[in-house]
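Student: I'd like to learn how to read features off a model like this one. Let's take them one at a time, please.

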Amino acid sequence: MKKEVLAIILLGAIGILSVWNLRHLDRLTAPLLALTEEAFLAAQAGNKAEAAEKALLAEEAWLDAGAYTHVFLRHPEVDAATDAFCSFRGAIVGGDPGEIYGAYLSLRMRISGIREMEQLRLGCIF
C-alpha cells in the first residue's frame, strides 16, 4: 500500500509542477510575443528607433529569464531562440523589410514552438 501512495504522490507532484511550468512559460512568452510584434510594426512604420528599442527589451527579457529557461527548457531550443532574437535585432538595424519580416517570423515561431512543445498531451504519456 505504501508504494501506491508514494506513486500517487509522485504523480500529483509531477502534475502540479507541469501546470506551474506551463503557467510560468505563458507569463514569459506572452510579453515576448507582444514586444516582438510591437517592434515589427514599428519597423514597418519606419520607426527604426522604436523598433530597435522594443526588440532590445524583448531580448533582455528573454536573457533575464535564463535561470528558468536553462533549467526547464531544452538547450537547443534556448540557443535557437537566442539566435533568433539576435537575428531580429540585426535585421531591424539593417533596415531591409524582407529581412526584418523573415527574422520576425522566425523569432515568433521559435517562441511559439517552445510554448507548444511544453503542452501536456496524451501522446506524451502513452
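## Rings, core, charges and surface

Tutor: Start with Tyr68 and Phe72: both sit in helix α3 (residues 66-72), 4 residues apart, which is about one turn of the helix. Helices are DSSP runs (H or I, at least four residues; strands are E, at least two), numbered from the N terminus. This is a predicted model: local features need pLDDT of at least 70 and side-chain atom pairs pLDDT 80 or more, while totals for chains, interfaces and linings use all residues. Residues are numbered from 1 along each chain as its sequence is written, and side-chain values use heavy atoms, with hydrogens and water left out.

Student: How many aromatic pairs are there?

Tutor: A pair of aromatic rings is described by the distance of the centres and the angle of the planes. Rings of Phe, Tyr and Trp (its six-membered ring) pair if their centres lie within 6.5 Å; planes under 30 degrees apart are stacked, over 60 edge-to-face, the rest tilted. That rule gives 7 aromatic pairs here. Take Phe40 and Tyr104: their ring centres are 4.1 Å apart and the planes are at 5°, so this pair counts as stacked. Phe40 belongs to helix α1 and Tyr104 to helix α5 (residues 97-117), so the pair ties together parts that are 64 residues apart in sequence.

Student: Are those two rings, Phe40 and Tyr104, buried or exposed?

Tutor: Buried means under 20% relative accessible area, exposed over 50%, and partly exposed in between (1.4 Å probe, protein chains only). Phe40 is buried at 7%, and Tyr104 is buried too, at 8%. Back to Tyr68 and Phe72: with ring centres 5.2 Å apart and planes at 25°, that pair is stacked. Tyr68 is buried, at 7%, whereas Phe72 is partly exposed, at 40%.

Student: Which residues do ring pairs link into a cluster?

Tutor: Phe40, Phe88, Tyr101 and Tyr104. Leaving out residues up to four places away in sequence, Phe88 touches Thr36, Ala39, Phe40, Ala55, Ile100, Ala103, Tyr104 and Leu107; contact means heavy atoms within 4.5 Å.

Student: How many residues does the largest nonpolar core have?

Tutor: In soluble globular proteins, nonpolar side chains tend to be buried together. A nonpolar core is a set of buried Ala, Val, Leu, Ile, Met, Phe, Trp, Tyr and Cys residues joined through side-chain atoms within 4.5 Å. The largest one here has 29 residues, and those with the most contacts inside it are Leu28, Leu32, Trp62, Phe85, Phe88, Ile92 and Ile100. At least two residues of this core come from each of α1, α2 (48-64), α4 (75-94) and α5. Helix α1 gives the largest share, 9 residues.

Student: Now the charges. How many salt bridges does the structure hold?

Tutor: It holds 3, a salt bridge being a side-chain nitrogen of Lys or Arg within 4 Å of a carboxyl oxygen of Asp or Glu. One joins Arg115 to Asp26, at 2.2 Å from N to O. Arg115 is in helix α5 and Asp26 in helix α1, so the bridge ties together parts that are 89 residues apart in sequence. Arg115 is buried at 17%, and Asp26 is partly exposed at 32%. Arg115 also turns up, along with Ile111, among the contacts of Thr29 when residues up to four places away in sequence are not counted. Thr29 is in helix α1 and is buried, at 6%.

Student: What about the surface: which residues make the nonpolar patch?

Tutor: Met1, Val5 and Ile9 make a nonpolar surface patch of about 350 Å². Patch residues have over 30% relative accessible area and no salt bridge: nonpolar side chains (Val, Leu, Ile, Met, Phe, Trp, Tyr) are joined within 5 Å, like charges within 9 Å. Areas use the Shrake-Rupley method with a 1.4 Å probe; for residues, only the protein chains shown count as cover. Met1 sits in the segment before α1 and is exposed at 78%. Ile9 is in helix α1 (residues 2-44) and is exposed at 53%.
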